[in-house]
Structures are given as structure tokens and as C-alpha cells.
Amino acid sequence: MDIPAFEAIQTRRRFFRHCAGGLDTAALAYLLGGLRPAAGAGLDSGNPLAPKPGHFAPTATNVIFLFMAGAPSQIDLYDPKPALRRWHGEPLPASMTRDLRLAFVKPSAKILASPRKFRPHGQSGTEFSDYIPHIASRADDICLVRSMHTEAFNHHPGQSLLMSGSVQLGRPTVGAWVSYGLGSESEDLPAFVVLNSGRGSSGGSSNWSNGFLDSTYQGVVFRNTGEPILFLRNPPGVSDRTQRARLDAIGALNRERYVATGDTEIASRIQSYELAFRMQAAAPDLLDFSGETQATLDMYGIGKEPTHPYGTNCLLARRMVEKGVRFVMLSHASWDDHQEIDRKLGRNCAITDQPAGALLKDLKQRGLLDTTLVVWAGEFGRTPLGQLERVDEAAGRDHHADCFSAWMAGGGVQGGQVIGQTDELGLGIAESPVHVHDLQATVLHCLGLDHERLTYRHMGRDFRLTDVAGSVVRRALT
């Protein structure tokens, strides 16, 4: 083969790779943020998790999402229904249950009144159950929505709809969308962190998936004991210098492959390796509570049961937003109480109520609640009908998608109010319905993101968290 023939078969990519000493070096600098502008010159576009401006001025810079997987009973916690006592043990007329979407019980099931006591709290007078006194003590910070509704009435589809805006798996979740839209203020921790407790949710990792977004935006699961992330520390005998050399070698191979293919997932892989290296120093410090006062630890219920695991997660969430983590999801499961609902609900409330109330109090006294949006929600609610054809202590409640409760606090939300109302039996919404897409749109709005403009082109069309629906709940905002 002569020289002209050889040159004719060279690809343009090979030309750019070798010209001017090679563009792969410039690509590396771009990917790892090496081409940093002078101070004040603008955002670093080389790092996909570098802070980005939203569509308008935000009222919140961080989100802590308290995800109660399994669907807590709003009738026993947030939405008092004294009229149920008149119907207790009786079936409802067919005309009242004809359109109910039920997962397990029949429409002829008997009404189960709540044994819980409700009373007003705070200057707002919002009524809460006696099972959640610590959350109730923050009534004036909380915007309680009693008119939530969704289409999905089974757990995995319901969790998918709440977190990703679709019952179809494979879509990005809300934390991934927020990371994609805004990046992170922390260089040493992920933008989206997940903390789990309890038995595990039906949706599992799909609740913090990046979907079709780059894997950079996926939620990173942290543990609340031992190593925050398994295998994050170097193994014995491996120094930081050795680890740095290993990463440089892997990075060189990844850069070569990136230049050859242009695959953005390779760029994400490079970012992940570099972030993991920085996290080796930053992440263990999160679990070092030695700088916290004993009063703070006691407030969260750390060091005692049953509050220790969830209290640790709530305190970690506060420490993470202090360090610039954009979105922290605390998933606690399971609230799926088809049997013995009063006992099981009491157990989960004993685990989560004190830490959740402490989180709101701690954020507020540190001046962080103004910029941190806290959301408490499950995937749907529970029926006023008893399960197992019983209305005694063994009874539970079935899934109920037509109405349930959720709440928001901080980050531009007007506390001390109740939005929406359900009918006297808790079967349907009587006033101001709020769909899960509306909740998602409101979360994004508080962060300065227009849910209709935060899009990603995939498979020939622009996708968004709220699919083709959703409206900001303006009444919830300050």
C-alpha cells in the first residue's frame, strides 16, 4: 500500500486524535474540569455536576425527600374522619363504592374507623394523629396536602409514578432530574444520595435510577454504619499514591476509548472514578458525629431504639445538605399494612416520627430550612375499608390511589396550612385535587426549574419528569 492510499483510509477521528499533539488531552481537561475559568468567569462546563443556573430564581437549593414506601394510612395519621365511626363495621352502599379501584378487598368490605386521636397543633390548628406528635409539633412549618391522588394502586407502579412521573420503568427519577438540571454544590460528594431503612421498598433501586440520563445522575446509596459505601476505602497495602496511579492508568484507557467512540457513558465513568477518589476522604467524615452535641443526638433519637437507624439517616441528610448535596432521599419501608394496621403503623411511626420532627427543627434553628425543601410522601394511601373482612385489631387497610396525604416544608413553601379536602369517609377528593405530577412540578419550581422546560431528548422526543401533565401548586408557595 502506498502512502496516498494509506492516508485515504484514515478516519477524521484519527486525524483529530493525532493533530496538534492529540485532542485527547484537551478532552480530558474538559471532562475532569481542568479547563477552569478564572474566578467569577462563569460555571465550569467541563464537570456535568458543576452547579448550573435554573430557569429562574429558586427558593430552595436542596431537597430532602422522606419517602415512606409502602403507603402510610392517611386516615390514621393526617386526615381525620370522625364520620367513619358511624359506619364502623358496616358495608357501604354499592353506589358509593362502584368506581373504587381496589387491589385486594371487595367493594362490599366493611368500614374500619380509625382508633387514633386527632387534635389541632400550632397556631395554624392543623390536626394530626397522636401517632406523630413530633411531626405535629412542626405544624406551622408544614404545608399538608390532603388531596393527593395517583393512577397507580399497586406498589411498584405507584412508586415509579411518584419518583419518575411514569409507571413505565426506565425513566429518570426526580433526584436524577434535579441533578441533571442543577448539578451539585459539592465537589466531593454525589449530587443525589439515597439512605435506606426498614425492610426495603417494592421499587428498589428503580426509585433512584438515572433512567436514560447519563449514569452520573444516578442516586448513590450510602450506608449509615461502617463504611458509607462498601469498598470505598483502599484495601490494605494500597496507598493513595498507588490508587491515584491506578486511576490515571484507567483514565488514560477510558479517554482513548472516549475519543474513539464519543460515548458519553465513558465520560460518566471517568467522572465516577474521580468522584469516588475524592469521596474516600469526604464520605467517612459524614458518619463522624463527634462534633454534634449530645442534645442534637438525643433530639434525633440516635443511640436508642427504635429511632437510631432512621435518626442517623435524618442527621446524615442535614449534614449532607450542609456540604452541598443537592438531593437526599430517605426511603423507609414498609408501610404496607394489610393486617394489624394499628400496631404496625404505630411501630413505623415510633421509628420515624421523632427523627423527622427533629430534622425540621434542626434545619430551622440552623437557618437551613429556608433553602431546604423537605417532602414527606408515600406512593398512595389507604382505604377506609377494613381488610380480611374484619374490623378488629387484626384488620388492615387496602391500597387507595384516589386520595391520600403528603406534606412539604421549607424551601419557599408556606407552612401552617392545609391544601385540599377529602369527602367525609375518605373515599374521594372533595376539594383542590393535587396529582403526583403537580407535586413534582412544585418541587422543581422551588428549585428554580420549570417542569415544562427541564427536558431530555431520548428516542426522538423530549421527555420530562412530569410527562405531559402537572401544574405547580401555587397555593403551597410563599
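Predicted model: local features only at pLDDT ≥ 70, side-chain atom pairs only at ≥ 80, totals over all residues.
Trainee: Quick one to start: are F65 and F327 buried or exposed?
Mentor: Both F65 and F327 are buried. Buried stands for under 20% relative accessible area, exposed for over 50%, and partly exposed for what lies in between (1.4 Å probe, protein chains only).

Trainee: Okay, back to rings. How many aromatic pairs does a search of the whole structure find?
Mentor: The search gives eleven aromatic pairs. The rings of F65 and F327 are stacked, because their centres are 6.5 Å apart and their planes are at 25 degrees. F65 is in strand β1 (residues 62–69) and F327 in strand β7 (residues 327–333), so this pair ties together parts that are 262 residues apart in sequence.

Trainee: And what kind of pair do F212 and F463 form?
Mentor: That one is tilted, at 5.0 Å centre to centre with 55 degrees between the planes. F212 sits in the loop between β5 (192–198) and β6 (220–222), and F463 in strand β17 (residues 461–463), so parts 251 residues apart in sequence are tied together.

Trainee: What are the cut-offs for those words?
Mentor: Rings of Phe, Tyr and Trp (its six-membered ring) pair if their centres lie within 6.5 Å; planes under 30 degrees apart are stacked, over 60 edge-to-face, and the rest tilted. Strands (E, at least two residues) and helices (H or I, at least four) are DSSP runs, numbered from the N terminus.

Trainee: Which residues share an aromatic cluster with F463?
Mentor: W177, Y180, F212, Y217 and Y456 form one cluster with F463. F463 is buried at 7% relative accessible area, and F212 is buried at 14%.

Trainee: What lies over the face of F463?
Mentor: R461 does, at 3.8 Å from the ring centre. The rule asks for NZ of Lys or CZ of Arg within 6 Å of the ring centre and within 35 degrees of the ring normal. R116 likewise lies over the face of Y131, at 3.9 Å from the ring centre.

Trainee: Changing topic: which residues does T455 touch?
Mentor: Leaving out residues up to four places away in sequence, T455 touches W177, Y180, D462, F463 and R464. Contact here is heavy atoms within 4.5 Å. W177, Y180 and F463 are also in the aromatic cluster. T455 itself lies in the loop between α15 (436–446) and β16 (456–458), and counts as partly exposed because its relative accessibility is 25%.

Trainee: How enclosed is α15, then?
Mentor: Eleven of its eleven residues are buried, so α15 is largely enclosed by the rest of the structure. Just after α15, G448 has a positive phi of about 85 degrees.

Trainee: What about strand β11, which strands pair with it?
Mentor: Strand β4 (residues 142–149) pairs with β11 in the antiparallel sense over five bridges, with M148 opposite F404. Strand β8 (residues 372–377) also runs antiparallel to β11, joined by three bridges, and V375 stands opposite M408. For a pair, DSSP must find at least two bridges between the strands.

Trainee: Which residues cover the two faces of β11?
Mentor: F404, A406 and M408 are on one side, with S405, W407 and A409 on the other, and all are buried.

Trainee: Last topic: how many disulfides are there?
Mentor: The count is zero, taking a disulfide as a pair of cysteine sulfur atoms within 2.5 Å. C446 is in no disulfide, and its nearest cysteine sulfur, that of C143, is 9.7 Å away. C446 is buried, with a relative accessible area of 0%.

Conventions. Residues numbered from 1 in each chain as written. Heavy atoms only, no water.
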